[in-house]
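Hi,

Here is the structure I promised to pass on. Have a look at it first, and my notes on what turned up follow below.

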Amino acid sequence: MEFNKEQQIIGLRVLSDNVIWLWKNDKYVVVIDPALSQPVKEYLKANDLKLEAILQTHHHSDHIGGTKELIHEWPNVKVIASAKEKDRIPFQNLSVKHGDKLKLLDEEVEVIEVIGHTRSHLAFYFNNETPVLFVGDTLFSAGCGRVFEGTYKQMYNSLKKIKSLPKNTLIYCAHEYTKSNLLWALDIEPENQTLKKKLIEVKKKIALKELTIPFLLKEELKINLFLRADNLKRFSYLRANKDSWV
Ligand code: ZN
Ligand code: FE
């Protein structure tokens, strides 16, 4: 998306379904969850850009896999990650916690802890004219992250935090899972016309090789069963159902 003349967010597709996000102005780039280094390096070199910072939402290899190589290439880059993950994200040089505020690309970025997928998962929020949230593996379009290390309750509360952001927040997640999430949601609510419409839109985008991300919080609140779950019991039922859905 384009905020104004100077800033943009670009998605690089890598591996089977990961997206590396590059948030850039005309000189510098902040990369979010670089699964791999090569496509990032190529993009920066082709566009004569410098790497200012790497944001790490969590320690999984499909999010930090490219970081070491990028540090090698840009030794002064800030590597921002949870202070709770010094062991599992050892190359971090700017350790942060919930509520911290950072200055990146001359914008203020707020750290929001969203536990559940892992015990210390972070999201990064900047309250621009169009607010933007980089959410890693916590929320996907029509889905949410698997609960690997936290509890259902923690994940439910993390989604609540996301729901409390401005409705025009544009959300950038780290995986293109939208279509399969919608197919699952339609298994749960086969008569849901909003989901059916969304699936048609998503299939069109995929046929055109376009990303279905980012998505607007306002729109997501209509189609995401996890965000719509208004109590922990319902959320837990859905999450367990999705875990065993094939
Ligand atoms: Zn993950
Ligand atoms: Fe992931």
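A word on burial to start with: a residue is called buried under 20% relative accessible area, exposed over 50%, and partly exposed in between, using a 1.4 Å probe and protein chains only. By that rule Glu-73 is partly exposed, at 30% relative accessible area.

Some housekeeping. This is a predicted model, where local features need pLDDT of at least 70 and side-chain atom pairs count only at pLDDT 80 or more, while totals for chains, interfaces and linings use all residues. Residues are numbered from 1 along each chain as its sequence is written, chains are lettered from A and ligands numbered from 1 in the order in which they are written, and side-chain values use heavy atoms, with hydrogens and water left out.

Back to Glu-73, which makes a salt bridge with Lys-41, with 3.7 Å between the closest N and O atoms. (A salt bridge means a side-chain nitrogen of Lys or Arg within 4 Å of a carboxyl oxygen of Asp or Glu.) Lys-41 sits in helix H1 (residues 38-46) and Glu-73 in helix H3, so this pair ties together parts 32 residues apart in sequence. Helices (H or I, at least four residues) and strands (E, at least two) are DSSP runs, numbered from the N terminus. Lys-41 counts as buried, at 11% relative accessibility.

There are 13 salt bridges by this rule. Another one joins Lys-84 and Glu-113, at 2.8 Å from N to O. Lys-84 is exposed, with 51% relative accessible area, whereas Glu-113 counts as buried at 12%. In helix H9, Arg-239 and Asp-243 are four residues apart, about one turn of the helix, and they form a salt bridge with the closest N and O atoms 2.7 Å apart.

Now the metals. Asp-62 (OD), His-63 (NE2), Asp-137 (OD) and His-175 (NE2) coordinate the iron ion (ligand 2) at 2.1 to 2.3 Å. Donors are N, O and S atoms within 2.8 Å of the metal (3.2 Å for Na, K and Ca), and water is not among the atoms, so sites may look incomplete. Asp-137 also bridges the iron ion (ligand 2) and the zinc ion (ligand 1), which lie 3.2 Å apart. Both Asp-137 and His-175 are buried.

Finally, the aromatic rings. Rings of Phe, Tyr and Trp (its six-membered ring) pair if their centres lie within 6.5 Å; planes under 30 degrees apart count as stacked, over 60 as edge-to-face and the rest as tilted. That rule gives nine aromatic pairs. For Phe-134 and Tyr-172, the ring centres are 5.3 Å apart and the planes at 45 degrees, so the pair is tilted. This pair links distant parts of the chain, with Phe-134 in strand E10 and Tyr-172 in strand E13, 38 residues apart. Both Phe-134 and Tyr-172 are buried. Ring pairs also link them with Trp-21, Trp-23 and Phe-126 into a cluster.

Cheers
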